[in-house]
Amino acid sequence: MKTKSMSELQEILNQVGAPLGVSVAEIEFKQGKNPALTIFIEKEGGVDLDTCEAFHRAVDAPIDDFDPTYGQPYTLNVSSLGVDRPFKTEKDFLSHIGEMVEVKLYASIRGKKFYEGILTAYDGKTITLKVDEKNTFTIELKNVVKINEYIEFN
């Protein structure tokens with residue numbers, strides 16, 4: 001199925017979301033038997049079900065006017081990014097500098113493929129991770145399977 005520019009759609013959605021304090025983090029279009037357009041949103045203080053519902057209602061008509069699928073049917077979904085979402089963009093990395101993260105690697109470094117530590121630097125090609133007072137090291141992003149925010153369960 002042919003679709004219109006997702007960057008144009010994102011611009012429209014951000015304009016609609018601004019009064020709600022919502023911005024679009026990512027748009028995903030899955031084709032196949034049941035096509036679906038999923039809009040991942042973010043908001044300072046977090047996204048809850050009421051935020052998703054309000055945003056969905058606000059963008060329904062503008063999306064219909066834009067017609068991203070040239071009249072073909074699809075399901076519209078609005079979702080938060082989720083707490084365990086992998087970092088994908090520069091903004092994801094930079095917004096977590098100084099915070100605890102979880103890093104899963106393709107190949108072991110110092111005998112381990114999984115680390116928890118403080119993300120201290122990001123330059124687009126590498127991250128620097130402080131795992132304790134004595135161990136800080138730099139990892140090339142091409143060696144990272146997944147990096148996401150550290151989640152502590154109480």
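Biologist: What makes you say that helix α1 lies across strands, and which strands are they?

Modeller: This is a predicted model, and in it helix α1 (residues 6–17) lies across β1 and β2. Its direction is at about 145° to β1. Helix α2 (residues 49–66) lies across β1, β2 and β3, running at about 145° to β3.

Biologist: How do you know which strands stand at the edges of that sheet?

Modeller: The sheet is open, with three strands in the order β1-β2-β3 and mixed pairing. β1 (22–30) and β3 (75–80) each pair on one side only, and these are the edge strands. From one strand to the next, the twist averages 25°.

Biologist: What makes β2 and β3 a pair, and in which sense do they run?

Modeller: Two strands pair if at least two bridges are found between them. Strand β2 (residues 36–43) and β3 have six bridges, in the parallel sense. One of the residues involved is Ala 36, whose bridge partner in β3 is Thr 75.

Biologist: Why is Val 22 called buried?

Modeller: Buried means under 20% relative accessible area. Val 22 has 4%, so it counts as buried. Val 22 is found in strand β1, and the residues it touches include Asn 14, Gly 17, Ile 41, Thr 51 and Phe 55. Glu 44 is 22 residues from Val 22 in sequence, with 8.0 Å between the two C-alpha atoms.

Biologist: Why is the contact between Glu 26 and Arg 85 called a salt bridge?

Modeller: The cut-off is a side-chain nitrogen of Lys or Arg within 4 Å of a carboxyl oxygen of Asp or Glu. For Glu 26 and Arg 85 the N to O distance is 2.9 Å, and the pair is a salt bridge. Glu 26 is in strand β1 and Arg 85 in the loop between β3 and α3 (90–94), 59 residues apart, and the pair links distant parts of the chain. The whole structure has eight salt bridges.

Biologist: Are Glu 26 and Arg 85 buried or exposed?

Modeller: Glu 26 is at 16% relative accessibility and counts as buried. Arg 85, at 13%, is buried too.

Biologist: What makes Glu 28 and Lys 30 a salt bridge, and how are the two residues classed for accessibility?

Modeller: Their side chains meet at 3.9 Å, N to O, and the limit is 4 Å. Glu 28, at 26%, counts as partly exposed, whereas Lys 30, at 51%, counts as exposed.

Biologist: How do you know that Arg 57 and Glu 53 are about one helical turn apart?

Modeller: Both are in helix α2 and four residues apart, so about one helical turn separates them. Arg 57 has a relative accessible area of 63% and is exposed, while Glu 53, at 37%, counts as partly exposed. Elsewhere, salt bridges that share partners join Glu 26, Arg 85, Lys 88 and Asp 92 into one network.

Biologist: Why are β7 and β8 called edge strands?

Modeller: The other sheet to discuss is open and antiparallel, with five strands in the order β7-β6-β5-β4-β8. β7 (136–140) and β8 (144–149) each have a single partner strand, so one side of each lacks a neighbour in the sheet. The twist averages 40° from one strand to the next. Strand β4 (residues 100–109) and strand β5 (residues 112–122) pair in the antiparallel sense over six bridges. Met 100 has Ile 118 as its bridge partner in β5.

Biologist: Why is the pair Phe 87 and Phe 93 called edge-to-face?

Modeller: Ring centres must lie within 6.5 Å, and planes over 60 degrees apart count as edge-to-face. Phe 87 and Phe 93 have 5.5 Å centre to centre and 80° between the planes, and the pair is edge-to-face. Phe 87 is buried at 10% relative accessibility, and Phe 93 is buried at 6%.

Biologist: Why is the pair Phe 93 and Tyr 122 called stacked?

Modeller: The ring centres are 4.4 Å apart and the planes are at 10°, so the pair is stacked; the limit is under 30 degrees. Phe 93 is in helix α3 and Tyr 122 in strand β5, 29 residues apart. Ring pairs link Phe 87, Phe 93 and Tyr 122 into a cluster.

Definitions and conventions:
Residues numbered from 1 in each chain as written. Predicted model: local features only at pLDDT ≥ 70, side-chain atom pairs only at ≥ 80, totals over all residues. Heavy atoms only, no water. Helix = DSSP H or I, 4+ residues; strand = E, 2+ residues; numbered from the N terminus. Axes fitted to C-alpha atoms, helices over the stretch in contact; angles between N-to-C directions. Contact = heavy atoms within 4.5 Å. Buried < 20%, exposed > 50% of the residue type's maximum accessible area, 1.4 Å probe, protein only. Phe/Tyr/Trp six-rings, centres within 6.5 Å; stacked < 30°, edge-to-face > 60°. Lists of a residue's contacts leave out its neighbours within four places in sequence.
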